[in-house]
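I opened this notebook to record what I looked up in a two-part model.

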Amino acid sequence: MGGEAADEALRGDRVSVTVSPAPPRPLGRVPTRRPESSASWRLSDRIGLAVAWALGLFFCALTAAIVIYLLVQGLRYVSPHLFVTHPTAGFSETQTGGFLDPLIGTGIVALIAMGIALPVGTAIAVWLSEFGRPAPLARVAEATVEMLAGAPSIVLALFGALIFESPLLGFLSQQTNHVVLGRSFFAAGAMLSLVALPLVVTNVREGLQAIPSHVREASYAVGKSKVATTRRVLLPAARPSVVTGAMLGLGRVIGDTAIVLVLLGATLNLQGAGGPAILSTLRGQGSTMTSYIYENAPTGEGNQPTKAYAAAFVLLMIVLALNVLVDLAGRRARELRWS
Amino acid sequence: MDEYIPTERGAGWSQDQRAELWLVCIVVGLLIAMLVFVLHAAWPSFSHNGLGWFGTGGRVDGQIQAIFTSGDLKSTPLYVFHAWPLIWSTALITGVAVVIAFGSSLFVAVFIVEFAPDWLRGVLEPVVRLLASVPSVIYGLLGVLILVPLIGNHLITQQEKASVNPTVQLSGYGLLAAILVLTIMVAPIMIAVFVNGLRAVPRNWIEGSLALGINRWRTFWMVAVRTARPALVAGTVLATARALGESVMLSMLSGGVGFAPNPADGLIFLFEPSRGLASTILFNTDELSSPPMQHTLYAIAAVLLFSAVMLSFAGWAAKQPMKRYGVIA
C-alpha cells in the first residue's frame, strides 16, 4: 500500500515537474524530417484527415464568400453621399437618406465605452497580475470578470434599463414629463463598457504575465518601488497587449446590437434631450450602424435592404481594419521577446 | 512575484493600491447589484406562476399580449406565463448548434495545429479571427437575405407549407436557418480556444507516441486532444454562453413566433419557426413601461443569467479532475 502511494506521489510529482516549469515548445514544425505520408494509414484515419482538410477549406471558402459577397453588394450600393446625409423615414431607396447619424452614434458609443473600459480594465488587470492582494477579493474579482464575459448582452441591456431609469441616474438620460426612459448614449456606453471590460482585462493580464520576473527584479534592484515599476517598466512593455485588448473590446462594442436597441432607442436620427449642445446629444437617443442595419433588414421596420447592405459593408470594413490592427499589435508583441 | 520585495500589509497600502481596490470593489458590487436587481424585478412573475413558469400551457404569445395590456388598463395585473416554447427553442437551437460546432471545430483546430501546410495555416488563423469578430447583425442580415429565401423557396414544398398552415407558416425563417448561422457564429470561438489548448501540449509527449510507431493522426487524437480536454471544456462553455445570449441574429432568423417545434412532425420540424428567450426580450423591450410586462421580461433575463452562471460553474467543475494532466486551458 505504502509503496503504491509513494509511487503515485512520485508519478504525480514527475508529471508536474515535466509540465509546469518549462513553457512547452510550440507544436507544428518538425524541423529535420518530412512528416510521414498518410498513404500507410488505416482507412478511417485517412478519412478523418480528409474531413479535417475539407472543414479547414470550408471555413476559408465561407469567409471568402462573406467578404466578397458584402464587397460586391457594398460597392453596388455604397456611395459617398450616404456618409454625409441624415437618415429619413421613407418607403424607397431614394427617400431614406444616408447613415451619417448612425456613424456618429457608433463613434460616440465607442468613445464612451472604451473611455470607461480601458482605464478600469487596465487597472483591474494590473491589480490582479501584480498585486493580487487581498487574495480573496482578487479571486472574486477574477470570477466576476469571467462571469461578465459570459453574461448575455441582452441581460446587461435590461439591467442597464433598470438602473438608468432610477431617479438617482435619471439626469443622464432623456425625460419626458418627468418620466425617465433610461435611454441615452450615456446608458448605452456605460453598459457597452461592461462588454469590452473582460477582453481588456484578459489581454492586459496575459501581457503582464508574459513579462519574466527578472525584468521586475532588475527594476527593484535599482531602487524602484512596485508602483513605479508597474508604471514605468511593465505597462510600457505590455503596451501591445493593451492595444490588442482595446481593439478586441472595441470590435465587440461596435458590433453589439442588443444593448444599443434597448438602451439607445434606435431612433433614426440623433435626438437631443435639451440643454447644452454636446450634453444634449449624449443624454439623448440615437442609433448606431448595427441598429441601423437591424432596422433596415427585411425583418426590421425600415426594410431597405440596399441601405442595410451598404451599412453592413461599412461596418465590416471597420471590423476588418480593427482585425488588421490587432494583428500588427500581436506581431509587435512577438517581436518583443524576453530571453 | 510578491516574494522579491518587502511587503507591507493593511494600513500601509499606497494610494495607487487603494484606488485600484476601490475600482474592483465597484465592479464586484455592480455585479452583485445586478443579480439582486434582476431577481427582485423578476420576483412577481415567478411567484405568480410557480414552477408552471417553466411548463407548457396556452399560447405564449397570447399570454405576453395579455400581460402587456393588463398593465395599461390599471386593472389587476395579469401574470399567467408558461415559457416552455421559448425555453425549448433556446435549448434546441443552442444545443444543436453547439454540438455541430464542437465536432467541426475540433477537426479544424487539430488541422490548424498539426496537419495544415504552413501557407494554409497562415490563411486559416486570420480567417477564424475575422469570423469570430463579425457582428451578429451582419450574420443575421446575410441569413435573412440569402439563406432564408433559399430555404423558403427551394427546400420547403408547397405541400409541406399547406400541411401546417393553420398553426404556423413555413417561410424559411425557422430552426434550420437559425441553427446553421449560429453554428457558424460560435465555431470560431471554439476553434480559437481549442487551438490554444492543443498548442500548449508538450511536444515530447507527442514524440513519445510517434516513437512507438503510432501514426500522426492517431497520436494527435489519443495524446494531444486528450491532454487538451480542459481547453475543450473551456471553449465549449464560452461558445454555449454566446449562443444562449444571442438575441439579435436569432430574432431575425428564427421566425419570431412563440411556437415549440415538434420533432414528431418529421422533416418539417427543421423548418418550423420558434422564438428563444433572449429574442423574446428583444422583441418586447418597447413594452417595458407596463409593470407586469417588465416583471415578466426580467424573469426571462434572470433565467438566462442563471443559466450563464451555472454554465461557467459547470465548466469550472468539469475542469477540476482534468487539472492533473497539466495543460492549463
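**Entry 1: conventions and confidence**

I noted that this is a predicted model, in which local features need pLDDT of at least 70, side-chain atom pairs count only at pLDDT 80 or more, and totals for chains, interfaces and linings use all residues. Residues are numbered from 1 along each chain as its sequence is written, and chains are lettered from A and ligands numbered from 1 in the order in which they are written.

I then looked up pLDDT, the predictor's confidence in each residue, from 0 to 100. Chain A averages 80, and 83% of its residues score at least 70. Chain B has a mean of 84, with 90% of its residues at 70 or more. Over residues 1-10 of chain B the pLDDT is below 50, and this stretch has nine contacts in the model beyond near neighbours in sequence. I use "contact" for two residues whose C-beta atoms, placed from the backbone, lie within 7 Å.

In chain A, the pLDDT stays under 50 over residues 1-22, for which the model has seven contacts beyond four places in sequence. Helix α1 (residues 2-19) of chain A has the lowest confidence in that chain, at a mean of 42, while helix α6 (residues 185-209) of chain A has the highest, at 91. For the complex, the predictor gives an ipTM of 0.81 and a pTM of 0.84.

**Entry 2: the two chains**

I counted elements as DSSP runs numbered from the N terminus: helices are H or I runs of at least four residues, and strands are E runs of at least two. Chain A has 13 helices and two strands. Chain B has 13 helices and zero strands.

I took a residue as buried if 20 or more other C-beta atoms, placed from the backbone, lie within 10 Å of its own, as exposed if 12 or fewer do, and as partly exposed in between. Of the 339 residues of chain A, 46% count as buried; of the 329 residues of chain B, 50% do. Among contacts in chain B between residues at least 6 apart in sequence, 79% join residues at least 24 apart. In chain A, 70% of the contacts with a separation of 6 or more are between residues 24 or more positions apart.

**Entry 3: where the chains meet**

How many residues of chain B are in contact with chain A? I found 78, and they meet 77 residues of chain A. Helix α1 (residues 15-49) of chain B gives the most to this side of chain B, with 12 residues. By class, the side has 57 nonpolar residues (Ala, Val, Leu, Ile, Met, Phe, Trp, Tyr, Cys and Pro), nine charged (Asp, Glu, Lys and Arg) and 12 polar (the others, Gly among them).

**Entry 4: the nonpolar core**

A nonpolar core is a set of buried Ala, Val, Leu, Ile, Met, Phe, Trp, Tyr and Cys residues joined through C-beta atoms within 7 Å. The largest has 192 residues, and those touching the most other members include A:L158, A:A312 and B:V110. Helix α7 (residues 175-199) of chain B gives the most to this core, with 19 residues. I followed A:A312, which touches A:L70, A:I293, B:I138 and B:L141, not counting residues up to four places away in sequence.

α2(A) has 35 residues and reaches 50 Å from its first C-alpha to its last, close to the 51 Å expected at 1.5 Å a residue; the expected span is 1.5 Å times one less than the number of residues. Its buried residues include A:G48, A:F59 and A:L70. Among what covers the buried residues of α2(A) are α13 (305-335) of chain A and α9 of chain B.

I turned to helix α9 (residues 216-227) of chain B, whose buried residues include B:W217, B:F220 and B:V225. Seen down the axis of α9(B), the buried residues fall within an arc of 155°, so they line one face of the helix; the arc is that of the directions from the helix axis to the C-beta atoms.

**Entry 5: one buried residue**

Why does B:S279 count as buried? B:S279 has 28 C-beta neighbours inside 10 Å, and therefore counts as buried. B:S279 lies in helix α12 (residues 277-283) of chain B. Leaving aside neighbours within four places in sequence, B:S279 is in contact with B:S247, B:L250, B:S251 and B:S254.
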